[in-house]
Structures are given as structure tokens and as C-alpha cells.
Amino acid sequence: MVNTPVFRLTKWTLTAVVWRSFFLQACWNFQRMQNLGFCFAISPVIKALHRAPRARQKAIARHLEFFNTHPYCASIILGVVAKLEEQAAQAGDDEAREAVRVKIGMMGPLAALGDVVYWAMLRPALALVGVSLVLFGDYDQVWLVVLGPICFVGLYSIAHLGLRIGGIFLGYKRGVEIVKELHRFSPQQIARCLSFFMAVMLGMAIPAYPLLKGWRVLDSRMLGVVLMALLVGLMYFGLRRRISVAWLFYGLVGLAILAAYAGLF
Amino acid sequence: MTSQLGLVRIDDRLIHGQVAIGWVKTMKSQHLVVANDAVAEDPMQVCLMEMATPPGLGITICPVAEAGLVGSREEVNGKRILMLFSSPGDVCRAVENGLFLKELNIGGLRYSPGKKQITKAVAIDEHDAEHFRKLLGYKVKIQIQMLPTDEPVDIRKYI
Amino acid sequence: MDHIIWLSVLGAVRALDYAMVGQFMVSQPLVIGGIFGALLGDLPNGILIGALIQLLWISIMPVGAYVPPDYTVTGGVTVILTLTLVRQYGFHFGTSMILALGMSIPAGILSGKLDIAARHFNVRLDQRAESLAGKYGLTGIAWANLAGLGPAFLRNFLIYLLWLGPGVWLAVKLSGSMPPQVVKGLGLVFWILPALAFAVVLEIIAKDRAHWWIAAVFFSVGLLLLIWPGEIILALAAALAGATAVVCWRRKW
């Protein structure tokens, strides 16, 4: 090859990747899943590195292969792949086998990580905080109620935008080494702490709700709490029997109407 | 005490959300075993797998040929195991090397050109089908089931 | 009529956030409750409805290739239906909310089913992408990827339209003709709905026995603090201190 130019990615290229990574699941399909989204997100990198049409087509083809991971954790993979693609282009290699190998190796574990930390723990925990603010907020003070959603979205945005922007830039900076850093960061521990946090919140919320809403059974506040605990137990039993939330809801409606006809309240 | 083989699953993404959240919880698994040659050789992949292990579980990563012997390792002793393979060919090889298998779950086999998509998450080619037939010959019950809440589908419908 | 179309457009746009674009969580019921509430002139009640629905489906998530019912659609439709019933027709708040929720759950299920169909349809877009890429390069990829947004928008728009048009009419008819016992029963469900929601949270954390103990301890702490001095601030402070202590204690282990 004559006169190989030195290809380097700028921070603007990476910023474009960050913006495009938000569209990762726009065309999610059952055959190759997030492949189009990934190719769409990585295209600023392809554009910057491959000028020759043949090399560019090859790059598009290899990033159109099957891809599926957690939409937030994909940022780390995008960053690492950008780095490896750059290295390959600088070496004049238009196959970039290493990039493809790393991409495939990382997508499963990072999906597990994102699902456990974000979907299973962080989102429920922060939603619980927001909902508690709303349920226990005083209606004379609207600001406390409004704080609920703001708190939820605000805290959650810090957590996910931090990973999505930081993941791409750090992934690019460190390359494959980022895996070790993630390991040290110990995301599983975070998930664990969050689940303890939820246990505490839940323990408090179960007695707080009937007491603050002034439930009384036979004129006793205590029995109101007992009723609440019993209802939670009953619903939990239903959930353990794999009855869906929707059916439990309809069941609850049916029971309440029956109770009303029986004149229980 | 011996360990129990709770679930053996083929999933080419190995550990991911469906395994870490769905199956581990339902099967009450205590230890993950990833039987895969490429992963066992690659320190980066080992690191990733350790990171992706759900809290409270142990993990063992071994080459496919050693999958049958994993039960005798110390860290696995007495635990309920969830074993992951990435392809039907690997499972075949493990069974031929002494893994005792009664049931096999298929979670995900990604699509690539030349494969036939048989369910939402599973695509196989003639090569895979051959391996499945061989496993059926070893009296292994093979079912496609993505999540514990899905209906299991018998592989014999498709091969 | 006009505002129904606008609300449907807004509902369909924010629904894209749920799985397609961004996942910024603005499509979560807690947040859309606020948005629709503000638009319909009752912010606090909009948020309250959103909060209750958020709790009910707090643990549901799309894991890998698994597509659950889209309860965010349920949330949006419930908020609009309830506030319409309450503000335009003067029906009772709790009763209307439960009726609206009961009517909107099928909307979420339908949206989830249509989502699965769309993801099968997207396979064709993916196949077209290869030839598009051959002709137009990266621009072709961008078209194919963004084309996936069209069916998603249309699907949610039509669901909102269906539930806000004939849905409101049906809800008004039902509300007007309910026997008093049914009204009373629905009103009761509004108050005991958090029990179901708490059970859902309990199911998330129930994997570990230690969680049961912690929840039990704080159940008693909350009970004592609330019965005795009756101060929510004190109870919250205790919860926070307890949570920190538990997290610190568990971390080293």
C-alpha cells in the first residue's frame, strides 16, 4: 500500500458514537437482534477509518453480524471496538478479527451485568424511592410529590448516562484492559447493596402506608397494619404461584366487589 | 457429598441476563460451570465471566472435555450446578468424554447466514441438527426454552 | 377530539423511549403520570396514578430476546382515562382509577404482542439493510435502522387512539351504570393496591434469607416509630441510618 495515512479517531467521532448509541434498539429483530443498531452506532468510526469503498463495505458487513447485549453496557463494547478498529486500520489490516472476537466475547457477560445491575436492581430501587416520596408525600405540599419522578429520573440518569458516555470514552482509552477495571469496580457488590437497600425500604413501607393513610380495622390502627401485612402475604403467595400481576389485580377487584356485596365495609 | 447437575443449557452468549436472573433464581443454582474451550484459554473472557456471575454464586470455567469431571472438584462439591455450553457440538463432545446427561435446555443459538431460524432465539444448521440427533441417541431429552416462564418445546419437532 | 390525537401522538413518542430509543426512563409510568397530569391540569394526581402503576410492574423487564407486556402503555392510558373521568365527568377518583387500570391492562398486553410482531417484521428490514449498504453505504444502514421506529410509533399511536376514543366513551358508560357496591369495591381496591405492589417488591428481594430478616426488623422499627411518636421524619431517618448500617456491615462480607 502506498502512503498509508495515519488514522486517528477524534473525540468528536466518539461523541457521535455516544449520540448514535441511543438508537441501538431502534430496529431490534429476532434474527440478528441489535446488529443494525450496533452498525448504526459504530458507523462514525467506520467512516473515519475506512475511505476505500471495499474496506468500508467489509467493515459494514462485519458489524452487521449478530449482536445483543444490554443497551447501556453496549457503550463499553462500542468504545473497545472503536479502539481495536483503529489499531487494525493503522496496521493496514481491513479484517479486524480481534475487534470481532472481543465484541462477541463481551456481549454475553456485559448483558448479564447490565440486566442484574440496571434492570433488576437500580431501576426498581430508584423507582421505589420515587414512589415512596409520592405515596407518603403530603398533598398540601405538591413539591414533595413532584420530587418523586424528578428524583427517580435524575438519579437514574446519572447512573446510566455516566456509564453510556464514560463507557465509550473509557473503553476507547483503555481498550480490552477495561475489563479488569470493571472487575475491580465489582458491580455485583453494588447490586447486592441495592437489594439490601430495597429490603429496608420495603420493611418500612409496609407499616407506614396503612398508618399514614389512617387505616382502621375495628377502630384499631394496629389491626390496620396487620390487615396490610396479611394482604401483602396473600399477594406474595399468588406471585410465587406464578400468577401474573395483571391477574392478581383483577382478582383483587373481584374480591373487593364481593366484600362490598357482603357488606363487610 | 456429590454435586447435582441442575440445568445444562446451550447458549452461545453463555452467561447473560436470562441465565443470571431467570434460570439461577428458578433452579436455585449455587454454582455456574462454563464449559468452553475458547473462554478457558482467554484471560479476558475468564475475567468477564467472573464479573458476570450473579451475587452469591461460584463459578468454574473449564475446557469442554473436562465438563464431566467438574463434579469432583472441590469448589463444586455438594452444590447445585448450572452448566453452560455454547454449541451442540460441545455438548456432544462432553458427553462422549463422560458427562452424564439426562436433560438439555437450549436457550439461544444465534443466527448466521446458512442457518435456519426455528424459534425466536434459536437458529440451527444441518451440522447442529446432526449433533442433536446424536444426543437424542444417547437418550438425552432436549428442549428449547428461553426463560423459565416460557413453554418448553421439544427439539424433535424441528429436526 | 383534537386533544385525543395530540395526546396519542405524545403517548406514542414517549413510548419509543421504553425499548427503542434512549431508555432514559421518561416513558416509565411515574414520569408520564407527571407529564400527562400536568397537561390535563392535575399534576399531583397524575403522578400518584403513575406511582401506583410503577410499583405494580416494578420488576418486569425485557431480558435479552424476551418481550414482556408494555405496562408503560398501560400507565399512560390509565392516567389519561382517570383524569378525564374525574375532571370532565366528575366521577370519584379512586374508583375511576381502578376502572381505568382494569381497562388499560389489555392495552399493555396488546402493545407487547404487537411489539413481538414488529421485531419479526424487522428481520426483513435487516435483510434489506445488506443491499442498502451495498448501494448507499453507511447512509443505507442509518435508514434501515431508523425505519424500525416507524412501526413502533404507529402501533402505540393506534393503541392510544383506540383507548382514548372509544375507551373513554366505554369508561363513562360503565362508570354511570355501576351498582353502588361495585363503586365501593373499586374504591377499596384503590386503597389496598399498594399491598400488591409491596408483594411484587418482596418477590424481587426474596432470593436471600437475610433480606427477610432485614425487612422484618425494619417492619417492627417502622411500626414502633409510627405508632408511638407518629413522626414520618423520624421513621425515614431511622430507615436511612439502618440502610447505611446494613450496607456497611454487608460490604466487607
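The axes themselves are lines fitted to C-alpha atoms, for helices over the stretch in contact, and the angles run from 0 to 180 degrees between N-to-C directions. The model described here is predicted, and local features need pLDDT of at least 70, side-chain atom pairs count only at pLDDT 80 or more, and totals for chains, interfaces and linings use all residues. Residues are numbered from 1 along each chain as its sequence is written, while chains are lettered from A and ligands numbered from 1 in the order in which they are written.

Helices (H or I, at least four residues) and strands (E, at least two) are DSSP runs numbered from the N terminus. In chain A, helix H4 (residues 74-90) packs against H6(A) at an angle of about 25 degrees, with the axes 7 Å apart, and H4(A) and H6(A) are therefore roughly parallel to each other. Their crossing is right-handed, a crossing being right-handed if the near helix is turned clockwise from the far one by less than a right angle, and left-handed if anticlockwise. Residues count as in contact if their C-beta atoms, placed from the backbone, lie within 7 Å; H4(A) contributes residues including A:Ser75, A:Ile76 and A:Lys83, and H6(A) residues including A:Leu163, A:Arg164 and A:Tyr172. By class, this contact comprises 9 nonpolar, 4 polar and 2 charged residues, where Ala, Val, Leu, Ile, Met, Phe, Trp, Tyr, Cys and Pro count as nonpolar, Asp, Glu, Lys and Arg as charged, and the others, Gly among them, as polar.

H6(A) also packs with H5(A), at an angle of about 160 degrees and with the axes 7 Å apart, which makes H5(A) roughly antiparallel to H6(A). The crossing of H5(A) and H6(A) is again right-handed. Among the residues that meet are A:Tyr118, A:Leu122 and A:Arg123 in H5(A) and A:Leu144, A:Phe152 and A:His160 in H6(A), and the contact as a whole divides into 17 nonpolar, 3 polar and 1 charged.

Between chains A and C, the contact takes 88 residues from chain A and 89 residues from chain C. Elements giving two or more residues to the chain A side include H2 (35-49), H5 (97-136), H6 (142-174) and H8 (187-212), and the largest share, 20 residues, comes from H8(A). The chain A side holds 68 nonpolar, 13 polar and 7 charged residues. The contact of chain C with chain B takes 5 residues from chain C and 10 residues from chain B, and the chain C side of that contact has 3 nonpolar, 1 polar and 1 charged.

In chain B, 7 strands form an open sheet of mixed pairing in the order S3-S2-S4-S1-S5-S8-S9, two strands being paired if DSSP finds at least two bridges between them. The edge strands of chain B are S3 (58-62) and S9 (153-154), each of which pairs on one side only. Strand S8 (residues 141-144) of chain B runs antiparallel to S9(B), to which 2 bridges join it, and B:Gln143 stands opposite B:Asp154 in S9(B). S8(B) also pairs with strand S5 (residues 103-108) of chain B, in the parallel sense over 4 bridges, with B:Ile142 as the bridge partner of B:Leu104.

Technical notes:
Contact = placed C-beta atoms within 7 Å. Parallel < 35°, antiparallel > 145°, perpendicular 65-115°, else oblique.
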